[in-house]
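Please read these notes with the structure open beside you. Go point by point and find each residue before you move on.

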Amino acid sequence: MFATRPSQAWDEAGGVGTEVEQVTKGDMRRGQAGPDAQASSRPVTPHERLLQVGRGLRAALVTDAQGRVVWMDEVLALAAGWEGGGELGRSCREVLSRLPWLLAAVRTALTGEQGLGEGSGQGQHLFAVVVPVYGDDGSLVGACARLQPRRTARAEPDTPGTEHVREHYESLIDSIDGIVWEADAEFRFTFVSRQAERLLGLHARRWVSEPDFWARHVHPEDWGRVMATCMDALRQGRTHELEFRMVTDSGRAVWMRTQVTATSEEGQPVRLRGLMVDVTEQLRSRERVEHTHSVLRATFDSIADGVIVVDAEQRIIAYNKRFQDMWGLSDAVMRGRNAEAALRQAAPLTVDPAAFVAHVQAQFTPSAAVSVNVIEMKDGRVLESTSLPQRMGDAIIGRVWSYRDVTQERRAKMERERLLVAEQNARERTEESFALLDTFLNHAPVGLAFVNRDLRYLRINTALASLHGHSREWELGRTVWEANPLMAPHFAPLMLQVMETGLPMSDMEMSGHVPATPEELRHWRVSYYPVSTPSAGVVGLGAVVVEVTQEHRARQERERLLKEAQEAIRVRDDFLSIAAHELKTPLTPLKLHLQMMKQQATQGQALKPHHVDKALSQVSRLSLLIHDLLDATRIEAGRLGLRRGPVELQALTDEVLAEARPLTGQHTLERVAPPEPLVVLGDRGRLAQVLSNLLENAFKYSPTGGSVRLKLERDGSMAHVSVRDSGIGIPDDQREHLFQRFFRARNAPISGFGGLGLGLYICRDIIERHGGHIWVDTRVGHGSTFHFTLPLAP
Ligand code: ADP
């Protein structure tokens with residue numbers, strides 16, 4: 001019955017037992033969970049350790065290292081005579097004065113050895129095991145006593161006393177959550193509690209019976225350390241503690257913590273005893289916590305931000321190296337852990353220390369606020385600070401500041417903004433330039449365009465686009481081949497050459513047809529200029545196309561006129577020489593006849609009529625020449641007037657033939673005329689002049705004689721007159737020029753056939769003025785027939 005009491009006592013005693021359990025298990029859970037690992041890494045206080053072990057042993061009494069009562073269950077308190085309370089904190093000597101056997105066992109335990117005792121209390125025979133308890137640092141922190149009632153030998157006379165005691169010991173030992181063991185000085189196990197089986201799967205009996213059983217199950221890496229510790233314990237005669245790995249039956253490594261206590265007899269160490277506890281989970285947790293801690297520490301130290309954590313009392317809880325360097329804080333100040341002192345040392349580095357101090361101090365008061373601030377430093381740096389509350393659960397227990405050096409970032413941002421503005425300005429200027437360029441391009445009277453390396457139009461003005469017969473919009477982005485397929489084969493190779501060489505080509509004459517006017521031959525003066533950028537080299541070219549078709553035509557006209565003028569000069573010069581010759585020709589015979597006549601007169605002889613006739617004939621010839629010249633001049637000036645009247649052509653031809661007959665002796669003259677009269681309305685003298693001229697030419701250009709026939713006929717409403725000879729004829733290519741001024745056919749001999757080339761010119765003018773038409777049928781060597789028509793008088 002008593003055996004159950006301590007357990008109840010723990011559970012009921014103001015929650016102490018519960019608290020111990022929570023601490024123990026809670027630690028384990030938190031260790032596994034990770035984030036709260038730091039909390040569990042807190043070293044266990046001696047007091048906590050005592051309560052922890054006490055809970056594990058279901059102890060009835062727990063004392064500290066000085067023998068003061070830390071915990072005592074109420075049953076024991078009753079037995080010890082302290083049922084009224086007040087035992088806590090008092091020495092065991094005082095509290096256990098009624099139970100000296102228990103006091104002796106406690107004292108033994110406080111020397112570091114296990115104390116055993118047996119005696120009566122509260123009317124029962126009680127058995128006590130008192131174990132020393134060690135803290136994390138290995139120092140003795142107190143002792144825990146476990147009590148068990150047992151029947152006395154008197155009460156159980158049939159049971160052998162020693163066997164009974166042993167059973168009780170074993171039952172007590174087996175209830176301990178650890179392996180209690182004992183070995184002799186040669187490290188042979190003499191006792192191993194049954195927990196060995198539960199914790200390690202190793203049978204306690206084999207452990208004792210097989211000498212090397214234990215050795216086989218110690219982890220080989222730990223064996224040397226285990227032996228060394230056991231030997232030290234044995235040699236030095238004091239308790240040692242160590243952690244090592246045992247290998248379970250299934251091959252799993254289990255970390256055990258054991259105390260090794262040596263007991264001596266007569267000054268000789270004779271055995272070792274200990275309690276082995278499974279600490280695998282505890283160590284794993286610790287390892288995980290340490291690992292997490294090291295990761296966090298490394299992270300904390302490696303981040304580029306300076307971080308400091310300050311608690312509610314303005315004590316510096318943590319900071320990283322970056323923080324200290326950033327603020328140039330001395331090691332002494334950081335060691336001092338006083339946030340206010342660090343703030344005072346840091347403030348002068350800022351541009352406005354008072355504002356900085358005020359801002360930080362305002363945040364020392366715990367608050368949930370998140371604050372972001374920008375701090376200008378005297379050395380030009382700019383720090384950005386973020387301060388957050390540090391929480392534990394719902395409570396705010398301090399504040400975390402992180403500082404980031406944003407100097408470069410800010411400079412880069414300012415530079416970016418500056419560049420952005422510059423780029424914006426540049427873009428505006430470019431757009432302005434393009435607008436100007438477009439205006440200029442579109443209003444330029446010449447064709448302008450820019451093409452890229454693919455010969456696509458990037459810009460083109462209306463003048464050039466309309467040459468292609470398209471709009472500017474249509475042309476943009478299209479190639480020169482698409483825009484101007486007729487001319488592209490001529491100019492595209494030149495464009496490529498300009499881009500290839502980077503050398504301009506200017507003022508090239510180009511002629512051809514364009515889609516806008518495919519029938520018309522047009523002319524341009526074209527220049528190509530390479531367009532380059534410093535980074536990309538030649539990116540395209542600018543084309544200037546100036547239409548010169550009009551200039552070209554004007555030039556051709558000028559050339560034609562020049563040629564004509566030169567021709568006219570040549571004709572004039574020819575005329576002058578011919579005219580001089582023609583005018584001079586009659587003068588020689590005239591002079592001759594006049595001299596003859598003078599001689600005859602001087603000699604008193606009668607003038608021979610033959611000389612007078614010859615002289616007069618030459619004068620007539622001169623007169624005719626001069627008339628022709630005057631007529632030609634009048635025709636040119638448009639002043640050749642006609643005196644019109646009815647002219648009867650038969651009579652007129654009779655008259656002219658009569659006058660012509662004496663001019664030739666070697667030609668047969670013939671006239672063919674219709675019976676009815678043919679009357680035209682015209683200038684009789686001028687028409688006679690035409691007939692005379694044609695007859696005279698017929699004589700002149702048939703030097704070997706032959707017949708000359710003058711034919712009159714009616715042709716509808718027209719009178720048709722023709723003069724036919726059988727003379728030299730006229731070459732075909734000369735015929736069209738016959739009626740031009742001063743023209744004389746190639747085959748017209750100069751001597752003997754003198755003439756100014758004016759006769760036919762005057763004839764045509766006279767006939768056409770009468771509404772008629774004049775022409776010639778001729779074959780070289782076979783004679784010529786000159787025809788003219790005149791409208792008959794109505
Ligand atoms: P020309 O004073 O030289 O005769 P014309 O004007 O009368 O001037 O004639 C022009 C030219 O036409 C002549 O020089 C001659 O070459 C050619 N011609 C005119 N009539 C005849 C013809 N009947 N037979 C051959 N050639 C002629």
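This is a predicted model: local features need pLDDT of at least 70, side-chain atom pairs count only at pLDDT 80 or more; totals for chains, interfaces and linings use all residues.

The numbered points below start with the ligand, then turn to a helix, some loops and the cysteines.

1. How many residues surround the ligand? There are 22. The closest are Asn 697, Tyr 701, Asp 725, Arg 744 and Leu 760. By type, the shell divides into 12 nonpolar, seven polar and three charged residues.

2. **Where the shell comes from.** Three elements each supply at least two residues of the shell: helix 26, helix 28 and strand 27. Which element gives the largest share? Helix 26 does, with four residues.

3. **Polar contacts and cover.** Look at the oxygen atoms of the ligand. An oxygen atom of the ligand is 2.8 Å from a polar backbone atom of Leu 760. Leu 760 is also among the closest residues of the shell. For Gly 757, again a polar backbone atom is involved, with a ligand oxygen 3.3 Å away. Lys 700 uses its side chain instead: an N or O atom there is 3.0 Å from an oxygen of the ligand. How much of the ligand does the protein cover? On its own the ligand has 520 Å² of accessible area, and the protein covers 97% of that.

4. **Helix 28.** Is this helix mostly covered or mostly open? It is mostly covered, as eight of its 11 residues are buried. The buried residues are Gly 759, Leu 760, Tyr 761, Ile 762, Cys 763, Asp 765, Ile 766 and Ile 767.

5. **What covers helix 28.** The cover over its buried residues includes two helices, helix 24 (609-637) and helix 26 (684-700). It also includes two strands, strand 26 (773-779) and strand 27 (783-791). Helix 26 and strand 27 also supply residues to the ligand shell. Just after helix 28 comes Gly 771, with a positive phi of about 85°.

6. Gln 314 is not a glycine, yet it has a positive phi of about 60°. Find it in the loop between strand 11 (306-311) and strand 12 (316-319). Is Gln 314 buried or partly exposed? Its relative accessible area is 25%, so it counts as partly exposed. Phe 742 is not a glycine either, and it too has a positive phi of about 60°. Phe 742 sits in the loop between helix 27 (732-735) and helix 28 (759-769).

7. **Asp 73.** Where is this residue? It lies in the loop between strand 2 (69-72) and helix 5 (74-80). Asp 73 has a relative accessible area of 0%, so it is buried. What does its side chain reach? It reaches the backbone nitrogen of Leu 76, at 2.8 Å.

8. **Cysteines.** How many disulfides does a search of the whole structure find? It finds zero. Take Cys 92: the nearest cysteine sulfur is that of Cys 144, 11 Å away. Cys 92 has a relative accessible area of 4%, so it is buried. Cys 230 is at 6% relative accessibility, so it counts as buried too.

Methods: Residues are numbered from 1 along each chain as its sequence is written. Side-chain values use heavy atoms; hydrogens and water are left out. Buried means under 20% relative accessible area, exposed over 50%, partly exposed in between (1.4 Å probe, protein chains only). A polar contact is a pair of N or O atoms within 3.5 Å; within protein, one must be able to donate a hydrogen and the other to accept it, and residues adjacent in sequence count only if both atoms are side-chain atoms. A disulfide is a pair of cysteine sulfur atoms within 2.5 Å. Contact means heavy atoms within 4.5 Å. A residue is near a molecule or strand if one of its heavy atoms lies within 4 Å of it. Accessible areas come from the Shrake-Rupley method with a 1.4 Å probe; for residues, only the protein chains shown count as cover. Ala, Val, Leu, Ile, Met, Phe, Trp, Tyr, Cys and Pro count as nonpolar, Asp, Glu, Lys and Arg as charged, and the others, Gly among them, as polar.
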